[in-house]
Amino acid sequence: MGRDEKSGKCAWIMRSELVAACKQVFGQSDSELVYPGEVTLEDKVALHYEGAVKRIYVNRYEREKQARIECIEHYGCRCAVCGFDFEKVYGPTGQDTIHVHHLVPLSTIRKEYKIDPVRDLRPVCPNCHLIIHSRKEPFTIDEVKEQIRAGRGR
């Protein structure tokens, strides 16, 4: 009923039956719960820090630049999933801009192999490429096309 002047929190006591009910429903007592009105300025984080340098080591699978060129020469620079064309949207700045996707991830092959740019690669925009690789086993191009069709039907 009123606020504690030192802590700024509401000073009230719950009946023991209600404390027991809270523990049963929420798995914690009321004293552990924080209500929006109880958050003080000291409880809030005022700043978020980014930009610290952290060194990491990863495996990088080498890509053959000529294979990318041959894939694009065959399929063009339109996304094989959604049809997006960077040059059409961005003009000359977007010319020859597209990601090239390996239908079989290099990380699963785990060795150097001879690539066929027409059979093994497809041009995809960064958005579709992100979705393709958004799970451990990548989505197929047809699966992402279906997701787009289903999303447009909403």
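How many of the 154 residues of the chain count as buried? The figure is 23%, where buried means under 20% relative accessible area with a 1.4 Å probe, protein chains only.

Before I go on, this is a predicted model, in which local features need pLDDT of at least 70 and side-chain atom pairs count only at pLDDT 80 or more, while totals for chains, interfaces and linings use all residues. Residues are numbered from 1 along each chain as its sequence is written, and side-chain values use heavy atoms, with hydrogens and water left out.

The chain has 7 helices and 2 strands, in the order α-α-α-β-α-α-β-α-α from the N terminus. These are DSSP runs, H or I of at least four residues for helices and E of at least two for strands, numbered from the N terminus.

Now the core. The largest nonpolar core holds 17 residues; such a core is a set of buried Ala, Val, Leu, Ile, Met, Phe, Trp, Tyr and Cys residues joined through side-chain atoms within 4.5 Å. Cys79, Val81, Ile98, Val124, Cys125 and Ile132 touch the most other members. Two or more residues each come from helix 2 (65-75), strand 2 (121-124), helix 6 (126-132) and helix 7 (141-152). Helix 2 gives the largest share, 3 residues.

Take Val124. Beyond its neighbours within four places in sequence, Val124 is in contact, meaning heavy atoms within 4.5 Å, with partners including Cys79, Val81, Ile98, His129 and Ile141.

Across the chain, residues 24 or more positions apart account for 52% of the contacts with a separation of 6 or more.

Technical notes:
Buried < 20%, exposed > 50% of the residue type's maximum accessible area, 1.4 Å probe, protein only.
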